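User: Hi! I would like to learn how to read the features of a protein model. Could you take me through this one?

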Amino acid sequence: MIINTGQRTDIPAFYSSWFVNRLRAGFVLVRNPYNPQSVTRYRLSPDVVDVIGFCTKNPAPMLPYMPLLKPYHQFWYVTITPYGREIEPYAPSKKAVLESFRRLSGMVGADCIGWRYDPILLSDAYPAERHLKAFEYMAGALCGYTHTVVISFIDLYEKTRQNFPEVQPVSRKDRLTLGEALVRIAGKYGMTVRPCAEGDELAAFGADCSGCMTVAMYEQAIGQHLKVPAYAPARRQCACYLGGDIGAYNSCGHLCRYCYANGDPATVRKVMAQHDPESPLLIGHLMPGDQVHEAVQESWLDPQLMLDMP
């Protein structure tokens with residue numbers, strides 16, 4: 001099966017010690033965000049976990065622990081955007097994340113890591129020209145360290161509207177103009193642009209619109225076919241395979257104003273204060289009335305079929 005860590009929070013950046021403790025313990029407990037008394041227990045054995053997927057703005061805290069991850073196949077996305085503290089208050093410096101990205105790529109391989117340049121928003125402070133300049137600089141810095149860059153244009157989720165009321169959607173005209181230029185720049189540096197939940201409007205320019213965390217991408221990363229069960233994505237536009245997330249909402253300390261997973265900063269700080277690195281749950285502990293059930297887990301590796309690798 002696939003374990004995901006990054007759709008609800010940034011585990012490598014803020015909870016790496018906890019995650020390492022869970023690897024050593026061999027299991028993790030996950031509270032259902034929509035039915036809090038329902039808790040799922042996942043085994044973290046390489047016998048049943050075929051891939052661990054990470055999404056982070058800061059992989060650096062996890063790098064010292066990478067030897068513990070060697071028994072597992074991995075796929076990483078690292079987000080690096082051009083925004084300053086007024087939008088990403090607690091994200092690390094771009095220079096530091098670019099360096100961490102290169103170090104991580106050297107450990108896992110360029111097929112096992114991608115760059116996320118998203119979400120893209122346009123404003124007086126961040127016009128298209130600034131995006132193109134920043135994107136080219138970052139693409140040059142990551143050339144050879146990844147073959148994939150994911151882009152998306154900002155979606156006005158409820159939490160985004162709450163925390164970033166002045167942000168505006170990006171028009172179709174701007175999406176096409178900017179998207180075409182980003183595809184061209186990425187190609188110069190050996191990268192394919194994969195739009196995230198943007199339909200196929202950039203396909204004509206050479207973007208791969210098949211999804212950004214798909215089964216095919218996992219297979220490319222591990223060099224084997226996966227026989228996955230049917231899966232219904234949470235969003236109609238999304239083609240990614242994102243089941244088995246072990247994170248928790250309202251627990252990411254970056255406090256990016258565009259985030260769909262965080263409420264207001266006061267709520268996030270209150271939730272983060274409940275974190276115990278020794279707990280099997282990311283946030284808090286088991287409570288009276290909690291119902292723990294074992295996840296149905298099995299390896300999806302197809303031992304009969306190996307990918308033809310270049």
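This is a predicted model: local features need pLDDT of at least 70, side-chain atom pairs count only at pLDDT 80 or more; totals for chains, interfaces and linings use all residues.

## Reading the fold step by step

User: Which strand is joined to strand 10, and by how many bridges?

Analyst: The general idea comes first: strands of a sheet pair through backbone hydrogen bonds, either parallel or antiparallel. In this case strand 3 (residues 35–43) and strand 10 run parallel and are joined by 4 bridges. They belong to an open sheet of 3 strands in the order 2-3-10, where the pairing is mixed. Strand 2 (27–32) and strand 10 (291–294) each have a single partner strand, so one side of each is left without a neighbour in the sheet. From one strand to the next, the twist averages 25 degrees.

User: What is the strand order in the open sheet of 6 strands?

Analyst: That order is 1-4-5-6-7-8, and the pairing is parallel. At the edges are strand 1 (2–4) and strand 8 (192–195), each of which pairs on one side only. Neighbouring strands of this sheet are turned by 20 degrees against each other on average, with direction ignored.

User: Which strands does helix 8 lie across?

Analyst: Helix 8 (residues 215–222) lies across strand 1, strand 4 (51–56), strand 5, strand 7 (148–153) and strand 8. Its direction runs at about 115 degrees to strand 5.

User: Now the helix pairs, please. How do I read the crossing of helix 4 and helix 5?

Analyst: Look at the distance of the axes, then the angle, then the hand. The axes of helix 4 and helix 5 (residues 128–142) come within 10 Å and cross at roughly 30 degrees. Angles under 35 degrees count as roughly parallel, so helix 4 is roughly parallel to helix 5. The crossing is right-handed.

User: Which residues of helix 4 and helix 5 meet?

Analyst: Leu 98, Phe 101 and Arg 102 in helix 4 meet Tyr 137, Met 138, Ala 141 and Leu 142 in helix 5. By class, the residues of this contact divide into 6 nonpolar, no polar and 1 charged.

User: At what angle do helix 5 and helix 7 cross?

Analyst: The axes of helix 5 and helix 7 (residues 172–188) cross at roughly 15 degrees and come within 10 Å. That angle makes helix 5 roughly parallel to helix 7. This crossing is right-handed. On the helix 5 side, the contact is made by Ala 128, His 131, Leu 132, Phe 135 and Glu 136. Helix 7 contributes Leu 178, Ala 181, Leu 182, Ile 185, Ala 186 and Lys 188. Sorted by class, the contact of helix 5 with helix 7 has 8 nonpolar, 1 polar and 2 charged residues.

User: How many aromatic pairs does the structure hold?

Analyst: A pair of aromatic rings is described by the distance of the centres and the angle of the planes. The structure holds 11 aromatic pairs. For Tyr 117 and Phe 135, the ring centres are 5.2 Å apart and the planes stand at 90 degrees, so the pair is edge-to-face. This pair links distant parts of the chain, with Tyr 117 in strand 6 and Phe 135 in helix 5, 18 residues apart.

User: What should I look for in the backbone angles?

Analyst: Most residues other than glycine have a negative phi, and most peptide bonds are trans. Here the peptide bond from Asp 118 to Pro 119 is cis, with omega near 0 degrees. Pro 119 is found in strand 6. Ala 197, a residue other than glycine, has a positive phi near 55 degrees. Ala 197 lies in the loop between strand 8 and helix 8.

How values were computed
Residues are numbered from 1 along each chain as its sequence is written. Side-chain values use heavy atoms; hydrogens and water are left out. Two strands pair if DSSP finds at least two bridges between them. Helices (H or I, at least four residues) and strands (E, at least two) are DSSP runs, numbered from the N terminus. Axes are lines fitted to C-alpha atoms, for helices over the stretch in contact, and angles run from 0 to 180 degrees between N-to-C directions. Contact means heavy atoms within 4.5 Å. Angles under 35 degrees count as roughly parallel, over 145 as roughly antiparallel, 65 to 115 as roughly perpendicular and the rest as oblique. A crossing is left-handed if the near helix is turned anticlockwise from the far one by less than a right angle, and right-handed if clockwise. Ala, Val, Leu, Ile, Met, Phe, Trp, Tyr, Cys and Pro count as nonpolar, Asp, Glu, Lys and Arg as charged, and the others, Gly among them, as polar. Rings of Phe, Tyr and Trp (its six-membered ring) pair if their centres lie within 6.5 Å; planes under 30 degrees apart count as stacked, over 60 as edge-to-face and the rest as tilted.
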